[in-house]
Amino acid sequence: MRYLTARKRAEGKGASGSGTEHFWFMQTTAVGLAILMPWVVVSLGRAIRSDYGNAWYILMNPWVSIPLALALFVGMRHFAAGARVMIEDYTRGTWRKGLIITVTSLSYLITAIGLYALAVITLKG
Amino acid sequence: MSDMPRHPRPLSPHLQIYRPQLTAFTSILTRITGNALGVSTIVIVWWLYAMTRGGADYERANWFLHTWVGEAILILSVWGLWYHYLAGIRHLIFDSLHGLDIATAQKLGWACIIGSVLLTGLTIYLI
């Protein structure tokens with residue numbers, strides 16, 4: 001049992017019911033992504049512009065694959081949380097629930113496929 | 001409540017009544033680019049996965065990315081990323097209670113638009 005009044009439990013939570021949790025999550029992931037992205041965009045761009053062999057060679061470099069894996073994971077979490085706010089702004093009821101579940105699942109699926117691909121590229125060498 | 005007579009309620013004016021403003025435009029563009037980058041990620045991860053499959057799967061993904069539609073998606077994605085990047089930094093500045101006066105907010109808006117185009121050019125030059 002928690003010795004808190006209902007008022008005390010609600011304080012600081014606001015209309016979202018979760019306080020500033022989402023705001024702070026977006027800020028922390030934004031700073032992380034801001035550090036990673038310049039490097040990731042250029043190395044990924046170079047890989048896409050290369051032929052198969054050279055793209056593989058670029059992507060198996062840990063200096064490329066580790067930041068890329070990090071950016072993919074953090075980026076997809078940032079995306080899921082951001083897209084969720086958009087869904088909450090424009091939809092309600094069952095549509096809202098369904099879309100949030102879909103976007104969350106999809107972002108995890110994309111993360112999993114991307115990390116799998118990077119692992120295969122790194123381990124096959 | 002449900003047996004009360006329903007009268008049409010007056011609607012308060014919304015977006016359509018305001019003159020389009022730079023700050024409103026740059027704000028909604030942040031949301032559009034952010035969500036569009038989710039689609040960009042799907043394309044990139046598809047290509048990455050195709051790399052591991054090799055052969056015809058890779059040929060198909062790589063062919064698509066080098067058609068003009070694919071190139072357009074990639075270049076727009078790079079621009080969208082830099083725009084979202086700069087707009088995100090602008091939000092971090094706003095959130096620290098700086099740059100909230102109209103003149104500075106508009107300057108930061110232009111900085112996002114012009115800066116994103118310049119960074120897109122720089123990225124294409126570097127890759």
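In these legends a helix is a DSSP run of H or I that is at least four residues in length, and helices are numbered from the N terminus. Please keep in mind as you browse that the model is predicted.

**View 1. A:Tyr90 and its nonpolar surface patch.**
Let us begin with A:Tyr90, which sits in helix H4 of chain A, a helix made of residues 62-90. With a relative accessible area of 55%, A:Tyr90 is exposed; the cut-off for that word is over 50%. Which residues make the nonpolar surface patch of about 320 Å²? A:Tyr90 is one of them, and chain B brings B:Ile28 and B:Ile32.

**View 2. Chain A against chain B.**
Putting the two chains together buries about 2900 Å² between chain A and chain B, and 76% of that area is on carbon and sulfur atoms. In chain A, the residues that lose the most area to chain B are A:Ile48, A:Arg49 and A:Tyr52, which together account for 21% of what that side buries. The contact draws 39 residues from chain A and 30 residues from chain B. How many residue pairs are in polar contact between chain A and chain B, both at pLDDT 80 or more? The count is eight. Four helices of chain A, namely H2 (21-49), H3 (52-59), H4 and H5 (93-124), each give at least two residues to the side that touches chain B. Of these, H2(A) provides the largest share of that side, with 15 residues.

**View 3. The salt bridge between the chains.**
Side chains of opposite charge can pair when their charged atoms come close. How many salt bridges does the rule find across the interface of chain A and chain B? It finds one. Here the side chain of A:Asp89 meets that of B:Arg31, at 2.7 Å from N to O.

**View 4. A:Ser50 in a loop of chain A.**
Now move to the loop between H2 and H3 of chain A, where you will find A:Ser50. Is A:Ser50 buried or exposed? Its relative accessible area is 18%, so A:Ser50 is buried, the cut-off for that being under 20%. A polar atom of the A:Ser50 side chain lies 2.7 Å from the backbone oxygen of A:Arg46. Neighbours within four places in sequence aside, A:Ser50 is in contact with A:Ala55 and A:Ile58, and also with B:Tyr58 from the other chain.

**View 5. Salt bridges within chain A.**
Over all chains the structure holds six salt bridges. In one of them, the side chains of A:Arg84 and A:Glu88 meet at 2.8 Å, N to O. These two residues are four residues apart in helix H4 of chain A, so about one helical turn separates A:Arg84 from A:Glu88. A:Arg84 is partly exposed at 42% relative accessible area, and A:Glu88 is also partly exposed, at 29%. Which residues are joined into one network by salt bridges that share partners? They are A:Arg7, A:Lys8 and A:Glu11. The A:Glu11 side chain meets that of A:Arg7 at 3.1 Å, N to O, and A:Glu11 also forms a salt bridge with A:Lys8, with the closest N and O atoms 3.6 Å apart. A:Glu11 counts as partly exposed at 42% relative accessibility, while A:Arg7 is exposed, with a relative accessible area of 62%.

**View 6. B:Phe25 in helix H1 of chain B.**
B:Phe25 belongs to helix H1 of chain B, which spans residues 22-53. Its relative accessibility of 45% makes B:Phe25 partly exposed. For a sense of scale, follow the chain from B:Phe25 to B:Leu37: the two are twelve residues apart in sequence and 18 Å apart in space, C-alpha to C-alpha.

**View 7. B:Leu97 and its positive phi.**
Most residues other than glycine have a negative phi. What is the phi of B:Leu97 near? It is near 65°, a positive value in a residue other than glycine. B:Leu97 lies in the loop between helix H3 (68-95) and helix H4 (102-126) of chain B. With 69% relative accessibility, B:Leu97 counts as exposed.

How values were computed: Residues numbered from 1 in each chain as written. Chains lettered and ligands numbered in written order. Predicted model: local features only at pLDDT ≥ 70, side-chain atom pairs only at ≥ 80, totals over all residues. Heavy atoms only, no water. Patch = residues over 30% accessible without salt bridge, like charges linked within 9 Å, V, L, I, M, F, W, Y side chains within 5 Å. Areas by Shrake-Rupley, 256 points an atom, 1.4 Å probe, with all protein chains shown as cover. Salt bridge = Lys/Arg side-chain N within 4 Å of Asp/Glu carboxyl O. Buried < 20%, exposed > 50% of the residue type's maximum accessible area, 1.4 Å probe, protein only. Contact = heavy atoms within 4.5 Å. Buried area = accessible area lost by both parts, 1.4 Å probe. Polar contact = N/O pair within 3.5 Å; in protein donor to acceptor, adjacent residues only side chain to side chain.
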